[in-house]
Amino acid sequence: MTEPKSAGAKEVWITGIGIVSSLGEGLDAHWDALNEKKINVDDKRFAPHIVHPLAPVSFDAQIPKKGDQRQMEAWQRIGTYAAGLALDSAGVKGNKEILARMDMIVAAGGGERDIAVDAAILNADAKGNSGPGFLNERLMNDLRPTLFLAQLSNLLAGNIAIVHGVCGTSRTFMGEEAASIDAARIALARIESGQSDIALVGAAHNGERMDLLILYEFGDFNLTDKFAPVWQREDKSGFALGSAGCFLVLESREHAEARGAKPYAKLTKVVADLAQRKQPGAVTRSLEALWPKLGVGNSGSLITGATGAEPVTSDEKAFLRQHPGFAIRATGTMFGHTLETQFPLGLALAALSISRGALFPPNDPTGLEVEKADSPDQIVVVGAGHWQGEGMALVEAIK
Amino acid sequence: MSAPRDKLGRPIVVVTGMGVVTSLGAGKTDNWTRLTAGESGIRTVTRFPIDGLKTNMAGTVDFVTVEPFSSTGLTERLAAMATEEALEQADIGGKADFPGPLFLAVAPVEVEWPQRLELGRAVGRTEFDYGDMLHVSGGGRFTAYHRRFMFGSVASYLAEKFGTKGSPISLSTACASGATAIQLGVEAIRRGEADAALCVGADGSVNPEAMVRFSLLSALSTQNDPPRAASKPFSKNRDGFVMAEGAGAMVLESYESAMARGAKILGVVAGCGELTDSFHRTRSSPDGKPIIGCMRKTLADAGLEPEQIDHINAHGTATPENDKMEYNTTAVVFGDHLPKIPVSSNKSMVGHTISAAGAVEAVFSLLTLEHQRIPPTINYEIPDPSILFDVVGNTARDAKVTAVMSNSFGFGGQNASLILTREPL
């Protein structure tokens, strides 16, 4: 669907990055953790399932009102926190004039459950204690009235508006990994075409949820028993859910220069497609069809959100093998699988690497990821959803 | 000849196909007949037990069934029905080969109670927790539920069935979702990325937990008897909205592309606008500025003056706060012209179709333009004396309508408006 860029398309800069994850919070902490090849997994709490738990975070730093924090479930708090970091990083936090016209596109899941309420209902049902009105009565009596909003998908954006004052436009995209690829794609297209000057784009994910583990267990997607890096899961495939929030501030070069903002990198392209995954190799072909739209050469760097689930990871590997000149990094090994957050995370780490003049080191015993000595001026970001959706982006150094 | 452009030099976006399903029926013909006859689609819920619920009526679409039942499955079916009707009218592309992207407004998806209960029973014990359920979830027994309860599943189904191009976008802006889906389509065509877009809003989520959630926020009418009289927009005795199901679908095209293929043009999406309210999760800013700004942005986007709007298809949920706020803000935007604008709320008859509402009401707005007849706001027996709209009360009204503003306001500070016209203005 992506046409050649029209003449006069505005250059789009990444001027703000906010990350909170299992590795910590902020850019320095993440840069250090990646260079130390740090991985933070918990294989006990949901054993035999493995998760990458959120590092300790003081939510007060970005969400000062406890009342606001109480109105949010964990994924909303993680996202609102990361959004605040991104706004700080872009130097627009508290700038009412800019925030009032800032676009926001959030890629969201949602649906956090009150596990105790559910379990009580299910146990009563199993004991045969459930008449026709039982479910209604229990839900009417036991559900916290505020839970609905705390788990509602578009209320992550709502909370970012309330807490940080981002209130130009607010759109929430849903649909797992692809949602955030499309969020970045639409935000970029709007700024390039002059429909918008500045946008906040990102996502949040709470991977420490029994109900989510169940959802992915339906499709046997979870990694169990023993942690292994993403590329080393051929014998035992699956993803380890991760908790993370990641937001980016994107803006037109003119807008950034006019306010003296310092960019990390520019976002040149975002392309996406939906392969019908009915034949083997469908994802490989979909990624191959997207690749030429980026206009990159034969060598460079590539950050992928590869999940470790099959068959998509093998399909993606087949695609990557056709581009042997690229130094590959899989965020799934370090961060786990953070669904909607994985693609913004890839964009963030690409921009961070470019701004620091180095690609972070490989973390892969299989040898697919190799060292890269020189300073990257282009990094491709790839996302192939665990069940559907493929996309990629090009992040470049500003000349 | 140069391509037809709007006042701001952008491609004009026209509508060449529409489809609709509500509790009043399937299709434009049935819906329009019943809507203009002032019929109500609200009825006592029969899909599940209503014991213990404060609100027990809704605008359910009971004539469509899916097996096994899930709200997401019903949403998918309703979306497909509306899309089929829209594509048949637009007569665009080949079979399963729609030449543009899909923008779908859809309710957030989650595992539902029938499936959760099934999983609980699969544990085979009477004392268990979520961990025990996780233990029996894998191994292929519940594989279909993974796909069913993915957020992207409805869009994925529609994209394959209708052959839309690229990555389909599923979105939620709460009660404004349907309008946002149309707005995304308009923007894509204006950018020149696509000549056509399929914009759909669908919602099939009348289920016990959804009703309880809105009930616990005191958002729903509790005037259960008779159900048809429950939804009372702009009335003094209004007490909340009525949940409802439905779908609206629109084929949008650039005017140029529609003309080139000789398509019949049903109307124009002349303007769209949105502005976020950061005041509160469920309540509007008391000064109404975000809603006022949203309507003004939409007028500016359409290049129209307030005096050029001659009908407002109101959000009109019948909650005490919404209707009052909608009047106060509309009065600021339209000033002295407001008494000349007939206002009506389709929700008095079809209920609040939530994620679908913006799309359903955009279809009804275009039918209003086509028939030069405004559907009534039924149950308008005791007007609220503080709401001085010219409400089209109880019976449909013939009127000269050239430009309709359709408003949608939702939880999370979501405000979106559309302006629809018969011809390019």
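## A tour of the two chains

Start by selecting B:Phe234, which sits in the loop between helix H8 (208-216) and strand E8 (246-254) of chain B. Helices (H or I, at least four residues) and strands (E, at least two) are DSSP runs, numbered from the N terminus. B:Phe234 is not a glycine, yet it has a positive phi of about 70 degrees. Most residues other than glycine have a negative phi, and most peptide bonds are trans.

Before moving on, a word about what is on screen. This is a predicted model, in which local features need pLDDT of at least 70 and side-chain atom pairs count only at pLDDT 80 or more, while totals for chains, interfaces and linings use all residues. Residues are numbered from 1 along each chain as its sequence is written, chains are lettered from A and ligands numbered from 1 in the order in which they are written, and side-chain values use heavy atoms, with hydrogens and water left out.

**Cis peptides in chain A**

Select A:Ala47 and A:Pro48 next: a cis peptide bond joins them, with omega about 5 degrees. A:Pro48 belongs to the loop between strand E3 (42-46) and strand E4 (49-52) of chain A. Then go to A:Glu310 and A:Pro311, where there is a cis peptide bond with omega of about 5 degrees. Here A:Pro311 lies in the loop between strand E11 (300-304) and helix H13 (312-321) of chain A.

**Helix pairs**

Two packed helices are described by the angle between their axes and the distance between the axes. Axes are lines fitted to C-alpha atoms, for helices over the stretch in contact, and angles run from 0 to 180 degrees between N-to-C directions.

Stay in chain A and show helix H9 (residues 176-192) with helix H15 (residues 342-356): they pack at about 50 degrees, their axes 7 Å apart. H9(A) and H15(A) are therefore oblique to each other (under 35 degrees counts as roughly parallel, over 145 as roughly antiparallel, 65 to 115 as roughly perpendicular and the rest as oblique). On the H9(A) side, A:Ser180, A:Ile181 and A:Ala184 meet A:Phe343, A:Pro344 and A:Leu347 of H15(A); contact means heavy atoms within 4.5 Å. The residues of this contact are five nonpolar, one polar and no charged (Ala, Val, Leu, Ile, Met, Phe, Trp, Tyr, Cys and Pro count as nonpolar, Asp, Glu, Lys and Arg as charged, and the others, Gly among them, as polar).

Now switch to chain B and select helix H3 (residues 113-123) and helix H4 (residues 130-137), which pack at an angle of about 90 degrees with axes 9 Å apart. That makes H3(B) roughly perpendicular to H4(B). Show side chains to see B:Arg116, B:Leu119, B:Gly120, B:Ala122 and B:Val123 of H3(B) meeting B:Tyr130, B:Asp132, B:Met133, B:Val136 and B:Ser137 of H4(B). Six nonpolar, two polar and two charged residues make up the contact of H3(B) with H4(B).

For another pair, pick helix H1 (residues 28-36) and helix H13 (residues 357-371) of chain B, whose axes come within 11 Å and cross at roughly 75 degrees. That makes H1(B) roughly perpendicular to H13(B). In H1(B), B:Lys28, B:Asn31, B:Trp32 and B:Leu35 meet B:Phe364, B:Leu367, B:Thr368 and B:His371 in H13(B).

**Salt bridges and the interface**

Return to chain A and select A:Arg277 and A:Glu390, whose side chains meet in a salt bridge (3.1 Å, N to O). A salt bridge is a side-chain nitrogen of Lys or Arg within 4 Å of a carboxyl oxygen of Asp or Glu. This pair links distant parts of the chain, 113 residues apart: A:Arg277 is in the loop between strand E10 (265-273) and helix H12 (282-290), and A:Glu390 is in strand E14 (residues 390-396).

Finally, show both chains together. Which residue of chain A forms a salt bridge with B:Arg121? The partner is A:Asp125, with the closest N and O atoms 2.7 Å apart. Between chain A and chain B the count is 10 salt bridges. In contact are 77 residues of chain A and 81 residues of chain B. The two chains bury about 7000 Å² between them, 65% of it on carbon and sulfur atoms; buried area is the accessible area (1.4 Å probe) that two parts lose on being put together, summed over both.
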